[in-house]
Amino acid sequence: MNGHLDLRHDVDAIVIGGSAGGVQALHALLAQLPADFPVPVLVVLHLPRDRPSQIADLLATHCALPVREAIDKMPLEQGVVFAPPDYHLLVEDESSLALSMDEPVLFSRPAIDPLFVSAAAVFSRRLLAILLTGASADGSEGVAAVRRAGGTVWIQQPDDAVASFMPAAALAHAGAEAVLTLKDLCERMAAA
Amino acid sequence: MKDQEVELFDMEVRLLIEAVYLRYHYDFRNYAVSSLRRRMRHAMMRFGCERPSDLQHRLLHEPDVFAQALQYFTVQVSEMFRDPGYFLALRQQVLPVLGTYPSIKLWVAGCSTGEEVWSLAILLAEEGLLERSLIYATDINPESLKLAEAGAFALDRIAGFSRNYVAAGGKRSLSDYYTGAYQGVVFDRGLKKRIVFADHSLATDSVFSEVNLVSCRNVLIYFNRGLQDRAVGLFRDALVPRGFLGLGSKESLQFGMHAHDFELCVPAQRLYRKVVA
Ligand SMILES: C[S@@+](CC[C@H](N)C(=O)[O-])C[C@H]1O[C@@H](n2cnc3c(N)ncnc32)[C@H](O)[C@@H]1O
């Protein structure tokens, strides 16, 4: 059944995690989303700490939806929201986000696990998590939590990813509803 | 919509929080649940507890376990001159205004291990205002307050602090303000003469003084909206008319009930001023 997820009606949020190679992959993915896509999309991308947070601006130019950086207790609404540098991004409840600056997870802050785990706790079955390319083990615990709560996980096919470690680690740790190439992921987004 | 496992976990966390409140009068009841869940998992791991209810049992019966667990319930991460742009804006846009008052009172709410308050003292000293100032540095974590008061920091953190200090418009060298000690540095006692460290909770205590500036950074993110409103209400009541309020770089008043009591004065640095009613 998860093979045919209707992104507009079957989920209340989409969470995406990426690391090494993630900027290009996200670029491709977000460019597919139609301007009227109603479901909030939350993103954690590992970036070097000294790089300022221009990533939201960069990706906004190719995305039909508004792309913003998260602010604490921001309402959860239509559009794409990025985790700000040096904060973990969390889903607080069905209608708002929260931030935390507690210790990095596997050397990363923001990290993917806290976003996925917090989103799973709030949305359980009505959540789609997408894990992209990366060279970290971040995301594995998050993927496990999403699946445990009945949500759907799509993982980028490791040999299609710029860095295969992260998707491969998550797959080995927790599995996924679907393992897809970036091209397939893009097609699913475009069909949304 | 919640999954049963999560529901049960949340229920246990709520009971634990209630138990902590009744037993130790620390009030976490209105903290943001998303980070509370994280804090609880960390604490459970640290104390080898399978469930929040196991941890609750230990907390109720072993006060020293509670003292240690408190370090997990709150997030203590801090840095000197964190977000240098904030301190630069204080230096260039706020202190010149405060300097027109005969005496200045400042409140660092949620001062953690002291990095922010020592930074502020250096800023005031360099602008020639420290002698006229009184800084209240408050927190709920007694361990942190003790460390804050000692003004001692590990050696490996100093390079980062110095970089921030320069970016914040530092006029000297950060090393002018500390002396090397065993495995770390200790900041100049002279800076501390004008700082009062005190236990104060934004969740349960009330206003204790009138102040010209409140700096409360990365504390409100751990509160839910209701508790944020309470804390910001305290700041409003403590501030003199046109007093300043500084928040963390990703915090905002715009989602709370006191948004109209303040206006942004340096938007990029989350510095607000209280409007006169
Ligand atoms: C992440 S630290 C912020 C340190 C510093 N202000 C900074 O930005 O670098 C958060 C601090 O808030 C304190 N805190 C948590 N709940 C509080 C409350 N109810 N009242 C006052 N302080 C609180 C914690 O003990 C911790 O020291």
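Biologist: Where in chain A is the place of A:Asp138?

Modeller: A:Asp138 sits in the loop between strand 7 (127–131) and helix 4 (140–148) of chain A. Helices (H or I, at least four residues) and strands (E, at least two) are DSSP runs, numbered from the N terminus. This is a predicted model: local features need pLDDT of at least 70, side-chain atom pairs count only at pLDDT 80 or more, and totals for chains, interfaces and linings use all residues. Residues are numbered from 1 along each chain as its sequence is written, chains are lettered from A and ligands numbered from 1 in the order in which they are written, and side-chain values use heavy atoms, leaving out hydrogens and water.

Biologist: Why does A:Asp138 count as buried?

Modeller: Its relative accessibility is 0%. Buried means under 20% relative accessible area, exposed over 50%, partly exposed in between (1.4 Å probe, protein chains only). So A:Asp138 counts as buried.

Biologist: Which residue's backbone nitrogen does the side chain of A:Asp138 reach?

Modeller: That of A:Ile112, at 2.5 Å. The test for a polar contact is a pair of N or O atoms within 3.5 Å; within protein, one must be able to donate a hydrogen and the other to accept it, and residues adjacent in sequence count only if both atoms are side-chain atoms. A:Asp138 also touches A:His46, among others, not counting residues up to four places away in sequence. Touching, or contact, means heavy atoms within 4.5 Å.

Biologist: Which residues does the UniProt annotation "active site" cover?

Modeller: The unreviewed UniProt entry gives A:Ser19, A:His46 and A:Asp138. They span 120 residues in sequence, yet no two of their C-alpha atoms are more than 9.7 Å apart, so they gather at one spot. UniProt positions use the numbering used here, with feature names shortened, and annotations may be inferred rather than shown by experiment.

Biologist: What makes A:His46 buried?

Modeller: Its relative accessibility of 13%, so A:His46 counts as buried. Its place is the loop between strand 2 (41–45) and helix 2 (55–60) of chain A. Leaving aside neighbours within four places in sequence, its contacts include A:Ser19 and A:Asp138. A polar contact of 3.5 Å joins its side chain to that of A:Ser108.

Biologist: How do you know how many disulfides there are over all chains?

Modeller: A search of the whole structure finds 0. A disulfide here is a pair of cysteine sulfur atoms within 2.5 Å. The sulfur of A:Cys63 has its closest cysteine sulfur in A:Cys186, 12 Å away, so a bond is ruled out: that is too far. A:Cys63 has 9% relative accessibility, so A:Cys63 counts as buried. A:Cys186, at 11%, therefore counts as buried too.

Biologist: Why does B:Arg91 count as buried?

Modeller: Because its relative accessibility is 7%. B:Arg91 is in helix 5 (residues 84–98) of chain B. A polar atom of its side chain lies 3.3 Å from the backbone oxygen of B:Ala168.

Biologist: How many residues surround the ligand?

Modeller: There are 20, and the closest are B:Tyr31, B:Gln76, B:Ser78, B:Glu116 and B:Asp139. A residue is near a molecule or strand if one of its heavy atoms lies within 4 Å of it.

Biologist: Which side chain has an N or O atom 2.6 Å from an oxygen atom of the ligand?

Modeller: That of B:Ser78. A backbone N or O atom of B:Leu202 lies 2.9 Å from a nitrogen atom of the ligand. Taken alone the ligand exposes 610 Å², and the protein buries 99% of that. Accessible areas come from the Shrake-Rupley method with a 1.4 Å probe; for residues, only the protein chains shown count as cover.
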